[in-house]
Amino acid sequence: MYLPFAMSAALPADLLDALAGRFAVERELGRGGMATVLLAHDRSLDRRVAIKVLAPELSAALGPDRFSREIRLTARLVHPNIVPLFDSGEANSCLYYVMPFIDGGTLRGRLHASGCWSVDEVTHLITDLAEALAYAHGLGIVHRDIKPENVFWQGGRALLADFGIATTTSATMAGGPLTGTGTIIGTVAYMSPEQAAGAKDIDGRSDLYSLGCLAFELLTGQLPFGGDTPMAMLAAHLTAPVPSVRAANPDVPPRIAAVVEQLLAKTPEERPANAAALLEAMRTDPGLTPLDQSAKPRVPRPSAAVATAAPEVRDLVEKARTLYLRAMQGGEGARGKLEMARVYADKALAKAAALLVLQKKVRDLLGGGDESTPPRSDA
Ligand SMILES: Nc1ncnc2c1ncn2[C@@H]1O[C@H](COP(=O)(O)OP(=O)(O)OP(=O)(O)O)[C@@H](O)[C@H]1O
Ligand SMILES: [Mg+2]
């Protein structure tokens, strides 16, 4: 079985057989709490697609009728900042839906690779997502699970995935949000206080709160309401004061910081009235509109992880080198030392890769700027 419940890696051959008439599955793209996403070639339309296959347990609990109701609702969404739904079906007792394959990667991947983002990118992102939300909320559809795993970034544009479906499926499977799995913790990290409190009548302002959590993390490299357990995170959403964006990253302009902090307000009434109001502000307030191309690019502050990577890399290289030299002297334990040298060398390479990504990003940003202007000393 391929599902996280059984912790087995292989995809069942009969599922692949059931899909085979229409799709040639190439590989697994990823998996969340209750589904596996496959990269496939749609034979009839000759295009690459991503197929999200729900776990059999979830498929059974959700049932084809409720699933197709959700799918029909989501399929109404046609917007440049929303990942569209192509199709849905059932294969080998598993419900699935088909969407375009997005090769830009999710925000989660980019957060891992490069720490925090430039203010300009985050401003674009908030504007894109506000546009998607204003459109969907206008059709009465609330997302309910905005988080880095559900936002793709492709060609400088944000695309929101899993509209409406993610929370229905998680609630169906878990009977509530607190199952304690890594995925659920991920979801709790962006959950609005009213959603955390189990309110039934949440509206679009809950999505605005999650968007605020996302923007805070991208700007500062840290979650606004962290915690070691889902319970601690929920408590922080419900009771901890809204953290200051500029205390975490003084480079963020005051107007942007104020918008993000307003999104994070505890009650929906304190947040922007709706996504359309947020979008209007993002488009018209000169303190919020993204920098134009001729403006001096901002250098992003590296995340704490990247900032500490350089000495760590040196340290790891030194350890690998020492072990290698000792191994070269031969004798008992030489092989063990070589293996340890390889472990340290691999770790050093992984850390260095994160630095290279940051370096490229900084160079790209400075590319159009004045070479003679040194980067800001706090960058
Ligand atoms: N359309 C797509 N194109 C490319 N990759 C995708 C696509 N949809 C999903 N993925 C990849 O598959 C992974 C798993 O997606 P999935 O929606 O199942 O889980 P999740 O969003 O991480 O968590 P959750 O279980 O809460 O939905 C994503 O994190 C992403 O890397
Ligand atoms: Mg998802």
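A: A residue is near a molecule or strand if its C-beta atom, placed from the backbone, lies within 6 Å of it. This is a predicted model, in which local features need pLDDT of at least 70 and side-chain atom pairs count only at pLDDT 80 or more, while totals for chains, interfaces and linings use all residues. Residues are numbered from 1 along each chain as its sequence is written, and chains are lettered from A and ligands numbered from 1 in the order in which they are written.

Q: Which residues around ligand 1 come nearest?

A: There are 22 residues around ligand 1, and Gly30, Gly32, Val37, Ala50 and Glu149 come nearest. Helices (H or I, at least four residues) and strands (E, at least two) are DSSP runs, numbered from the N terminus; by that reading, at least two residues of the shell come from each of β1 (23-31), β2 (35-42), β3 (47-54) and α6 (182-188), and β1 gives the largest share, 3 residues.

Q: Which residues of helix α9 are buried, and which are exposed on the face turned away?

A: A residue is buried if 20 or more other C-beta atoms lie within 10 Å of its own, exposed if 12 or fewer, and partly exposed in between. An α-helix has 3.6 residues a turn, so residues three or four places apart point the same way. In α9 (residues 230-239), the buried residues are Pro230, Met233, Leu234, Ala236 and His237. They lie on the same side of α9 because they cover an arc of only 160 degrees around the axis, taken from the directions from the helix axis to the C-beta atoms. The face turned away from that buried side carries the exposed residues Met231 and Thr239.

Q: How many residues does the largest nonpolar core have?

A: A nonpolar core is a set of buried Ala, Val, Leu, Ile, Met, Phe, Trp, Tyr and Cys residues joined through C-beta atoms within 7 Å. The largest has 54 residues, and those with the most contacts inside it are Leu129, Leu160, Ala215, Leu219 and Val260. Among the elements that give two or more residues to this core are α4 (119-138), α8 (204-220) and α9. A second, separate core of 22 residues includes Ala40, Ala55, Phe67 and Cys94.

Q: Where does Asp46 lie, and is Asp46 buried or exposed?

A: Most residues other than glycine have a negative phi. Asp46, although not a glycine, has a positive phi of about 50 degrees; Asp46 lies in the loop between β2 and β3, and counts as exposed because it has 7 C-beta neighbours inside 10 Å.
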